[in-house]
Amino acid sequence: MSEQTQAQAQRRVVVVGAGMAGVQTAVALREQGFTGTVTLIGAEPHQPYDRPPLSKAVLLGKAEGSAFDVDFEALGIGLLLGREVLGVRPDAHELDTEDGPFPYDVLVLATGAEPVRLPGTEGVPGVHLLRTLDDAERLRPVLARQHDVVVVGAGWIGAEFATAAREAGCAVTVVEAADRPLAGALPAEVAEPMTSWYADAGADLRTHARVERVEPGAVVLDDGSRVPAGAVVVGIGARPATAWLAGSGIELGAHREVLADDRLRTSAPDVYAVGDCASFPSRRYGERLLVHHWDNALQGPRTVAADILGETPTVYDPVPYFWSEQFGRFVQYAGHHASADTTLWRGDPSGPAWTVCWLRENRLVALLAVGRPRDLAQGRRLIEAGTEMNPQLLPDPSRPLKAATA
């Protein structure tokens, strides 16, 4: 055994967070040949699981759970579940846990994000979040009993929950403080066609509506109106789960996310950050990106594993991607549209299938595809390649996107 191989076998990698980013980091280390100790620490007691099914199959009782199909024992990955990590001391290379100090040689932060709570609702009966398996299991009987449900927030998670609640036969009212659904994610003209989806599905969408308070059986809005509510589901966003890093010296950004570099290293030696809890600098978009989506948690771990192994990883600069299933529609988004100078539509937004393309200097930087998965697949590759597009050909929905280049 060479000295280098022997040294690697003695290294201890500890991953904090047992969601997609944490699990994939542990698996990628083994797949790429790491021979040292790998320990995955998760705050929840459950076997590590995937989150997207929680707002769909698990919620509707079509699946009992969504555990990852990973044989941790066979891969030599140690699981410490139901254990809270309280802090980290990078100088000592130690975590502080409920059970005392836990040493590491390399630490990976993969704690994800936590839902934003609606002020004044802590401890109020019938108020729910939807982030964890326990949340989904608490909500399943609510849907089964076909309660009147009020959803606070018309973002991605709010729309997905409203879809499931309508499918279960609940009366659904969605209250949104902004003037449209997805106000924080999409421009007004792009989100506007989605407003009618709620009514088409039999859900009552109320915009410009702020919650004054939640009472037993009702949500009171700031205009004094009362909305019957057997249950209230809050979906008003998520923020990086990084409060436990206070006092560690690890640098955080404006959204309290861990600031990672283009190889996902943090400001502390031997500490990486991946997934929802971290932002990274994007050369493609010329700004730092904080991406709260499944695909980012899937892609980043490969870069982290390669860097830990001493390989030269490619710079981490993915084309962000996510999808949502809502009101019978499959919605996909790729890229980042903030810097676009042109918006072009493919297809009629009042119809079942259409795409919005965002260009900067005639190069595709982002697109939103509703019921047009081929546009998404081709567009993602065109964004990756930085291909120049032809703005005259692009709006023709009968022409493949890849045939609308300059």
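A pocket, on a 1 Å grid over the protein atoms alone, is an open set of points with protein on both sides within 12 Å along at least five of seven lines, and its lining residues have an atom within 4 Å of a point. Grid points are joined across faces, edges and corners, and a volume is the space filled by probe spheres set on the points.

This model is predicted: local features need pLDDT of at least 70, side-chain atom pairs count only at pLDDT 80 or more, and totals for chains, interfaces and linings use all residues. Residues are numbered from 1 along each chain as its sequence is written, and side-chain values use heavy atoms, with hydrogens and water left out.

**View 1. The second largest pocket and its lining.** The second largest pocket holds about 250 Å³ of space. Its lining counts 13 residues. Nearest the centre lie Gln299, Tyr316, Pro318, Val319 and Glu384. Helix 8 (294-308) and helix 9 (373-385) each supply at least two lining residues. Helices here are DSSP runs of H or I with at least four residues, strands are runs of E with at least two, and both are numbered from the N terminus. Helix 8 gives the most to this lining, with 4 residues. By type, the lining divides into 4 nonpolar, 3 polar and 6 charged residues. Ala, Val, Leu, Ile, Met, Phe, Trp, Tyr, Cys and Pro count as nonpolar, Asp, Glu, Lys and Arg as charged, and the others, Gly among them, as polar.

View 2. Two strands pair if DSSP finds at least two bridges between them. Strand 13 (residues 211-215) pairs with strand 14 in the antiparallel sense over 4 bridges. Here valine 214 stands opposite valine 219. The hairpin of strands 13 and 14 has 2 residues between the strands, and glycine 217 takes a positive phi near 85 degrees. Strand 14 also pairs with strand 15 (residues 226-228), antiparallel over 3 bridges. Alanine 218 faces proline 228 across this pairing. This second hairpin has 4 residues between its strands, and glycine 224 in the turn has a positive phi of about 90 degrees. Which way do the residues of strand 14 point? Ala218 and Val220 point one way, Val219 and Leu221 the other, and all are buried. Buried means under 20% relative accessible area, exposed over 50%, and partly exposed in between (1.4 Å probe, protein chains only).

View 3. The order is 4-5-6, and the pairing is antiparallel. Strand 4 (85-89) and strand 6 (100-103) are the edge strands, and each pairs on one side only. Neighbouring strands of this sheet are turned by 30 degrees against each other on average, direction ignored. Such angles use axes fitted as lines to C-alpha atoms, for helices over the stretch in contact, and run from 0 to 180 degrees between N-to-C directions. Strand 4 joins strand 5 (residues 94-97) through 4 bridges. Arginine 89 has glutamate 94 as its bridge partner in strand 5.

View 4. Strand 20 (residues 278-282) and strand 21 pair antiparallel over 4 bridges. Serine 282 is partnered by glutamate 287.

View 5. Helix 5 (residues 156-167) has 12 residues and reaches 17 Å from its first C-alpha to its last, close to the 16 Å expected. The expected span is 1.5 Å times one less than the number of residues. Glycine 169, with a positive phi near 95 degrees, follows the helix.

**View 6. Strand 1 beside strand 2.** Strand 1 (residues 12-16) runs parallel to strand 2 (residues 37-42), joined by 5 bridges. Valine 14 stands opposite threonine 39.

**View 7. Two loop residues with positive phi.** Most residues other than glycine have a negative phi. Leucine 182 has a positive phi of about 55 degrees. This leucine lies in the loop between strand 11 (171-175) and helix 6 (188-191). Leucine 182 is buried, at 4% relative accessible area. Asparagine 362 has a positive phi near 65 degrees. It sits in the loop between strand 25 (354-360) and strand 26 (363-370). Asparagine 362 is partly exposed, at 29% relative accessibility.

Methods. On a 1 Å grid over the protein atoms alone, a cavity is a set of points where a 1.4 Å probe fits but cannot get out, and a pocket is an open set with protein on both sides within 12 Å along at least five of seven lines; lining residues have an atom within 4 Å of a point.
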